[in-house]
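Here is a short report for a first look at a structure. Take the sequence and the model together as you read.

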Amino acid sequence: MKILTYENPYKITSTSYWPEIASFPHLCVSQTLLEGMKNQYGRDAFWYIDTIERFEKDFYEPWTNHPENEIKQFLSITEHINQVESENLRKALKFNQKEVHQALRFLTELKLSPDNFDKESLTDVQKIFLDFFIKLKGQEQWSILNELDTLSIEDLKDSFLTLLNNELEKELEQSNLLKGRAKREADKKIKYIESIFKEYTNSIDSTQINGIVIHGVHQFNPLLLRLIHHFESMGIEVIFLINYQNNYRNIYYTWDKVYRWTNEKFRIDKNENIFASLENNLGKGVGSLLEGDIQNWDFRNITFNKYDNLTTFADEIASKFETASINRIGEKVQGNASGALSRMEEQFYASDNEEVNNLLQAYFPEQFGERHFLSYPIGQFILGLYNMWDENERTLKINSSILKECLSVNFFKIDNQPTPLEIYNKIELYFKDIDNIIQFKSRLNDLIDIIRKIEISSHLEFNQELKVFSFFNVTSSELEYFNNVIHDLYEITRQVFGNNKDGYINYKKHYKTLIEIILKKTNSPMVNAKEKELVESLYKQFTNVEELEVEGAMEDLKESIHFYLNRRDSETSANWIVRNFEQIDGGVLLSRSGRAKKRKYHLAMLSDQKMKVSLSDRLSWPLTRGFFDSYKEDVTNLEIVLGSLSEYGNFLRYSLFYATYYLENEIILSYVENSEGEKDTPYFLLKMLGIEAEMKDVDQKSLSPFLVGKETDSSKYGDDIDLPLPSSSFETVELQKKVTCSYRYLLDHVIEDGGYFHNEYHCKLYYKSILYKNALLAILKENQEDNYKECVRKINKELSDYFPFWRNIDFYDVEVTVNNYVRDQLKSKKRDDPNYYLELRLNFLYASITEGKYSKGGDNLIKSIHHLREGYKDKRNQVENDIISYLEDERQLMDHDTNPLICDYCKQRDICLYHAKASGGSND
C-alpha cells in the first residue's frame, strides 16, 4: 500500500512516480474527477480509468446492483417490523424502513458481529434494530456479500473487460450525436479504447494486475474498505493518489487523520511541480488564516451572495441551466443531459447539494438519472396504480392528483378527442365526494345522461347556464370515451393485483403481468419513441424477475417497485445540476479546457450550519455514535469509517480551500439565509477574512422565459399572431370584458366560446347567480313577492339535482344568501331593468368589486362596464375600435394591467399566466 501526493493537480503526469503507476487501472472517487482526469490528461494517458462506484456495481453486482435481492432484503425487514409489539416503535420503524434497510447494509458491509454489542446501553429502537440484524444476518439475501469475498483475480479481470466494453459502447453512442471537431476528437478516443479493449481481450489470461490506483478518497465507506482489502488479498498493491501541501498543514491535517490507519507515510513528489497561485488568492487567505498567519488580503473582487430562500437560489440555477440547454439558433441541444451541464457558463458546487437538486429535479427531470423513468407519464402511471390500489377493499381508491398522473399516459389517447387528462380537468369537481372507482363509474354514467339531455334539448331548463360549469361543458362522446378509459384503468388494476391471496402478492407473477400489460399498451401509435424505449429498458430491468419467488404485502410491493424505477443510470446522466464539494477536485481539472476558462465557479451553501457536519448527520437512522460505542471489540474498519465520517466537516473546509486556491476562474460565493426553518449565518472563516455577504437582488425577468408581462418580446414566439377579427357588431358583454381585462376578452370571445367556471369557489358563486336570476324572474313574472322564499326554495331544489357532489348544508347556505339578495332587490326602487344586473352577475359574479371584500364605500373596480349599456353609443364605439386595434396589433396582446382583485372573480383565473405572475406563481 502506498500514498502518493501531488501539489499541482494540473501536473500529475509530470510527477516522479507517474511512470510507476501509469499502466495500472485507475479508480476515481467521483464522476466529475473522472471527467476532469480525462479532460486534463487525455483518455490515452490511462489503460483503464473509471469511478469506484461503477467498478463496485459490476464487481459486487449481486450486492450493489441487484434490485431483486434488495426487494428480498426489504421484505425480510417488513416481516420483523410487523412483529414489534410497541405500536409507536413499529410505526417509527415502518416510517423509516428505507433508512433501516441502509443501516443494516452498512453493518453487513462492515462485517460486524451482532453478538458483540452491549445491548443494555442501546435505546429501545436500537435494541429492536439489533435484533433485526441478529435474525437477518444469516439469510441468503443478507449473506451474499460474504460469498463475494471469494471472487478471484479472474473475476476482477472480467469486470475490467465488461467495463471497458461499456465505456466503448457509451462513447460510440455519444459520438453519433456529435459533429465537426468534437466528432473527430470522440472518434480518436474511440479508436484508442478499441485498441485497448482488443489487446486486453486477446491477452486477458496473461495480463498481470499488480496495482490499482485510487484517486481522491477522503471518505472511506464500508464497501470501499472491503474492496481495498479484497484487492490486497489478491496480491494487488493499492495506491492512493491525493492532493497535499506541507505549507498548509492545518488544512491538510484532515487527510493525515483519515489515512492514519494505513501506517504509511505520504510520498511527496520529488519533481517539485509547484503550483503558482494568483495574488490575493482566496485559498491563500483561508490557508494562511488557519496557519495563524493574519494578513491584510484584498478580497473586494470576491462576490459573496446571500439568498433569502432555497427556491430563489434554485430558480437562478434553473435559468442558467435552461440557457445552456438551448443552442445559438434557439433549439434544444440534442444529446445526453450532462451536455447542458457542461455548457453552463456558471458551474455550481454546494457543501450540501441534496435539497437544491431535489427542487431542480422537478424542473429538469431528464437530468436526474435516478428518476429518469419516473419523469415520464408511463412511469407515473405505474406508480399511480400502486398508490391508488386499496388492498383491504380490493378496489381503486380515487386520489385526484394521482389519477391525473395515470391519465397522462399517451396510450389512452385517440384521434379527434381531447386527452383523458383534459376531460378530467373539466369534470374533476363533479367527483369531489367520490373516493372509490365503483362510485366514480356510477357518477360518471349519471353525468353522461345529463349531458345527453342537454345536447338533445336546447330549451332544457337551465341549459345554457349549466354549460358555464366546466363539468357540463363537455360532450357525451367525450365522456363515453373517458368512461372507456376509466374502465380500462380499472381492468388493468384487476389484472395486476388479482393474483394475491390472503392479502399477500406473488411478486414474480405480479411483475410479469405488469410488464406484459405495459408492453402491450405502449404499442399504441400515440406513444412516442422515447417512452417505448423507456418501457423496453424497464423490461430489461425485470429480466431477473424469475428470482423473485417471494410473497409480500401490498404496502411493501409499492415500495419495492422503486428498486426498479429509481435505479440510477449513471451512464446516461450526471444525476445532478449542483455538484457537491466531493466533486470539486474534478471541477478544478475541468476549468482549463477551451471555453471553460471563461466560466464562473459558484461555491454555495457556505453557512456555518451547512459547513459544520456531525457524525450523526452522516449515519442512517437509527445508527448513532453511541450505538457503535457499545461495540465491545476493536474493529479497525469501524474506526476508519467513523473517523472519516467525523472528518466530513473538515473535508468541506479543505474543499473550499482547494477550489479557491487552484481555480483561476471568477469565483462566486453564496449561502441561503432561510433554510429548514432557521436563519443560517455566513461561514465563520469568510467573516474572519472580512468578506461580507450581500442579499442577492434576483431579477425575476431573467429567471424563466415563461413569465409574462409588458417586457415580453413577442418576436420570440415565431410568426406573427393571426387572430380572426369580428365580422358582426359586438355584444355588450364583449365590450364589458374588454374594458375590465383585454386578456379575458381574448380568451372568452376569440380563442374560446365563452369559457367556463372550473374551481369550486367560482362554481358556488355562479350557482348563486343562477339561482338568484331564475328565482327573481319567476317571482316577478308570477307576482310572488310575498312568497319569495318558497320560490327560491323550489328552484334551489330543482337546480341542486344537477350538483350531487355538494352537501345539503351547501345548498342551505346558498339559499339563505339568495333570499337576502331577492329581499333587497324587491325592496329596491331600481326594478325597471333587472335583466341587465342579473346578466351582469352571470358574467362577472358581482356587479360591483371593491378593494375591501365586504366594503360598501370603496370604488367599484368594474364601474366602467356600466357605461357600455345600450344607449352609450360614443363609449361603445370607442371600445369597439379598441378591440379591432387590439386584435390587429400582436404587441398589445402582451399588455396587461388588470387589478388582481378583478382576477379573483374571473373564470379564466386558473389558466391565466398574468394572474399566476401577480399571485407569485400560484393559481390557488
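## Basis

This is a predicted model, where local features need pLDDT of at least 70, side-chain atom pairs count only at pLDDT 80 or more, and totals for chains, interfaces and linings use all residues. Residues are numbered from 1 along each chain as its sequence is written, and side-chain values use heavy atoms, leaving out hydrogens and water.

## Helices 10 and 11

Helix 10 spans residues 153–175 and helix 11 spans residues 180–203. Helices here are DSSP runs (H or I, at least four residues), and strands are E runs of at least two, numbered from the N terminus. The two helix axes come within 10 Å and cross at roughly 155°. Axes are lines fitted to C-alpha atoms over the stretch in contact, with angles from 0 to 180 degrees between N-to-C directions. Helix 10 is therefore roughly antiparallel to helix 11 (angles over 145 degrees).

Contact means heavy atoms within 4.5 Å. Residues making the contact include Phe160 and Leu164 of helix 10, and Ile193 and Phe197 of helix 11.

## A buried loop residue

Asn116 sits in the loop between helix 7 (97–110) and helix 8 (124–136). Its relative accessibility is 17%, so Asn116 counts as buried (under 20%; exposed is over 50%, with a 1.4 Å probe and protein chains only). Leaving aside residues up to four places away in sequence, Asn116 touches Ser630, Tyr631, Lys632 and Glu633.

## Backbone features

The peptide bond from Trp621 to Pro622 is cis, with omega near 10°. Pro622 is in the loop between helix 29 (615–618) and helix 30 (625–629).

Asn263 is not a glycine, yet has a positive phi of about 60°. At 70% relative accessibility, Asn263 counts as exposed.

Technical notes:
Parallel < 35°, antiparallel > 145°, perpendicular 65-115°, else oblique.
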